[in-house]
Every structure is written in structure tokens, then in C-alpha cells.
Amino acid sequence: PRPQRPCDTVGQGTAMGGAGGPGFPLPLLLVLLWPWGSDGGNCPSHCVCASNILSCSQAALTSVPSHLPRFTAVLDLSHNNVSRLRADWTPGRLAHLHALLLSHNRLSFVSTEAFAHVPHLRHLDLSSNRLRVLEENLFSDLTELEVLLLYNNEITTVDRTAFDNLVRLRKLYLGRNRITRFPLELLRDGSRLPQLALLDLSANHLRSVPVGELQALPAWLRDRLYLHGNPLACDCLLFQLVARGHRRRLSAVVDFQEELRCSLPAAPAPMEISILDLAGRQPLNCSEAQEAVLEAHLGDTIALSCDTRLQGVRSRHWVTPGGERVLEEGGNGSAALLANGSLQLRALRPEDAGTYACWVAGPLLNETLYVELLVHNFTLHGPHDTLNTAYTTLVGCILSVVLVLIYLYLTPCRCCCCRGTEKSPAPRDDSINSSVLSTTPNHAASVPGEPSRSSLASAAGPGQNGRFNVGGTPQPLPRHPKAQRKVSDPDSVSSVFSDTPIVV
């Protein structure tokens, strides 16, 4: 066989290196390009690794795999047998982790320091586990958390500080638990969870809800509060809350209308009926609520009318958006109850905006009237009025038209009427005006006695190829009573146009 030459060895090395070139064999190149190399950590056994996603779902794990790669962004540990999430479940900081899925495990304990190493978590799923208590400051390290799923657990107690520091939380799912008390402290002042837009408390053990204080919640949260599947006690306030959501076609009411039920006290046993069926039904005999919208400005004094249709009203009172009752005439502060039942508000402030309720008790029926007050944050007659948008647009359009007219009609005059005042330029033999704008009728019929243009051209000196003199010496023309012309310089611009008849 042919002996192997040194160049063959080099060629084989290059072939092994592939695109990496000599000195970078293919296995070494793959190690350098593969993110799960020795520098970032190996992919844990029983897991699937793809880019920055680590999926260990349905792997029969009893604990979180150790030595997780530091660049993991999504960690799926769902459908396993993990029962405890300790503080050291990840020894290193996972700064890139933004989604942690721990649903369908056997979690019964979560350390209050379990999330100290994942500060940028935005999505946390702890649903379908065995959690019973949400301890104080449990999620306080997750300042960037946006979605928290805790449904389908065994939660009975929620500490009032469990959700502290969750300033970006938008969705909180607590459905299908064993909560018996409505956690109103999460919502009352709006400072603990300022961006919360959805609260799911469905399928719990709630028997009552603070309807009066729920009316004071912001509209975006009040309209996305899920309460279906709870053993609520029938109440006219509850009926009006649900009926109002049904009129507004809110998904929390319309989509779960059949599951919004309450228990009526009865002699043999409590009877469960739909909350929307309480209208005109004994013994509560609830009545539909009416709504009105009123707009005002800062500093105004207005009166909210309580125009009830009931005859023989026994009592009435107003409830402010903050849940305070105004019972007597005169009242305190900026709210006062008038003799005709209206509520007067003086020197309106931004915090006076919200939904006011007028509760009217009649001999046979009760009625509730809601007034939605919108307080615009500028004064109507103050020294610094805010310009209306439509007015501002109109003024801008008028100014634009005026500027266009000024541009069209007030520019320097260049019309024919100004030519009479201009000084006539001095005649020049070699100018364009002298030949192009000449009054000589070049296109007219030849005048007897005047030499034609061809004869002038032939009169040029020899060797000029029929052109005029280079020196530009004028050739005397016979005088004619009607016209007299001069010969132009053949090298001037005017000579180019002299042979073209131009009508002026």
C-alpha cells in the first residue's frame, strides 16, 4: 500500500475539525458551542434541556435536582413528588430564572427564604399541592412577580403579610382552597398590591363578603373578582353586587352565572338558589339597583340625588366609596345629607371619586341607587384651566390657514404690474435678450432690399464654415424704415437661439 505522507495527516485533522479549521476538532467545537457544557453545568438526569429551558416534569423526583445551570430561565418541576421546598433548594443564584413551575407535587412546606436566590421570578406556579398556610413574608423576596398560582391547595390561613412587596403582581389565583375569611386587607388601601387586576377566590368556604367595601375597589379589580362556588348566605347586598356585574356583562358573573348561588334560611333546611333569583323573592324581597354617572371638577359642590320610586320611605342612608355611612342631616366633613335625601359634597377632592350608594327602606320593598362620581383633576373656572382638546385643534387649524394665506399673498410682488417701474437694462450685443427677445420679426416674410440670413452666412470669411466672424465685428445692414438688426457674436449663448423663431 501507498505510504502515508505528512500532508495526509494534516488533511485528516482538517476534516475532523470541519468548520472549526485545524486545531478545533469537532468534539471540542461542540463542547464550546453547547450551552450545557462544563462551564454552565451539565443537564440533570431525567430532565430535558433545550437552550435555557430545563424540563424535569414527570420524572418521579422527590427533590429539586442539585447544581442547576446558572442560565436557566424556565424550570419545570411539575408532576413530581417534591414535598418540601427548602431555602437551599438551589445553592447558587439563578439570576435568569423568570418562570418556576411546581404544580402537581406534594408540597406541604415552603420556606420563607426559598425564593431568595430567584429575585427576578415573574411566574410562579404552586397549584395542586398540599399547602395549608401562607406564612408571613412568604413571597416578599419576589418583587418582580406578576402571576401567582395557588389554586387547588388546602390553604385555610393567609397571613396578612404573605404578599408584602409584591408591587408588580397582576393576577392572584386562590381558588379551590379552604379559605373561610375574605382577605380584604389585600385590597382595602390599594398600596399592598397596587397593580392587582384579577383575584380568584372561587370554590372556597366563604359565607359572606364585605359588599360595601368591595364597591369602593377600583373598577378594574372589582370587575375581575371571582366568587363563584362559595357557600354564601343570601343577602340583598350580595344580590345587587352580582346583578350589577350581570348588567355590565362581566365575565366573572356571566361566565359563572350558574355557580353563583347562595343559601336561603328555611324552616326544614337551608335552600340553595341562584343569587340572581333573589329579585322579588321572599323572605328577602330584594330589588334591582339603579345606576347613574355624574361628572364634576375639583373644588365643586354637588348634590347626589336619591330619586327613589318607593312610597312611604321609612329610612335611607348613603354609603361613601370608603364604606362610611352618612345617616343624619348635616353630616361631618365634606359630605352632608340634605332634607330631600340627596347627598351634598363640598369642595371636591380627587379621593371623593367612586361609587356612592343610597340605601332606601320602604314598607314593602327596598331599593338601592348607585351614583358613579367622576372627579376630573382640574378646576372648571380656575386661573389655569386646561384647554379642551377639540378647541386646541381648531385653533391650530385656523393658524395654519392664516400662515398659508400669508405665504401665498404677502410675498414680494413679481407680477406684470410691477414691470413699469423697473429700470430697463442697458442693451448688450452678446446677451440673450438682444437676440431671443428682439423685436425683429425673424419669422416674418423677407423684406425687399434686406439680405437674407443665408446671404449673411455666406458673407463670412473663408474657412469659417458658413459662420459669423470670430471677432464678432458687426456687419452693416441696409437701413429699413421698419427694422434694424445687428449681428451677434457667434460664440455667445444668444447665437445658439438666434436661428430659432420665437414668438413673443
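Colleague: Where does Asn377 lie in this model?

Modeller: Asn377 sits in the loop between β24 (366-376) and α7 (389-409). Please keep in mind that this is a predicted model.

Colleague: Why is Asn377 called exposed?

Modeller: The relative accessible area of Asn377 is 63%. Exposed means over 50%, so with 63% Asn377 counts as exposed.

Colleague: How far apart are Asn377 and His297, in sequence and in space?

Modeller: In sequence they are 80 residues apart, while in space their C-alpha atoms are 6.5 Å from each other.

Colleague: Let's turn to another asparagine. Is Asn204 buried or exposed, and how do you know?

Modeller: Asn204 has a relative accessible area of 2%. The cut-off for buried is under 20%, so Asn204 is buried. You will find Asn204 in the loop between β12 (198-200) and α3.

Colleague: What does the side chain of Asn204 reach?

Modeller: The side chain of Asn204 reaches the backbone nitrogen of Ile179 at 3.0 Å. A polar contact needs N or O atoms within 3.5 Å, and 3.0 Å meets that limit. Leaving aside residues up to four places away in sequence, Asn204 also touches others, including Leu174, Gly175, Asn230 and Pro231.

Colleague: Which strands form the open sheet, and what makes the pairing mixed?

Modeller: The order is β14-β15-β16, three strands with mixed pairing. On one side, β14 (residues 232-233) and β15 run parallel and are joined by two bridges. On the other, β15 pairs with β16 (residues 271-274) in the antiparallel sense, over four bridges. Pairing takes at least two bridges, so the two bridges of β14 with β15 are enough.

Colleague: What does Leu150 touch?

Modeller: Not counting residues up to four places away in sequence, the partners of Leu150 include Leu126, Leu134, Phe139, Ile155, Phe163 and Leu172.

Colleague: And the chain as a whole: how many helices and strands are there, and what share of the residues is buried?

Modeller: The chain has ten helices and 24 strands. Of its 504 residues, 36% count as buried. The chain exposes about 30,100 Å², with carbon and sulfur atoms supplying 55% of it.

How values were computed:
Residues numbered from 1 in each chain as written. Predicted model: local features only at pLDDT ≥ 70, side-chain atom pairs only at ≥ 80, totals over all residues. Heavy atoms only, no water. Contact = heavy atoms within 4.5 Å. Buried < 20%, exposed > 50% of the residue type's maximum accessible area, 1.4 Å probe, protein only. Polar contact = N/O pair within 3.5 Å; in protein donor to acceptor, adjacent residues only side chain to side chain. Areas by Shrake-Rupley, 256 points an atom, 1.4 Å probe, with all protein chains shown as cover.
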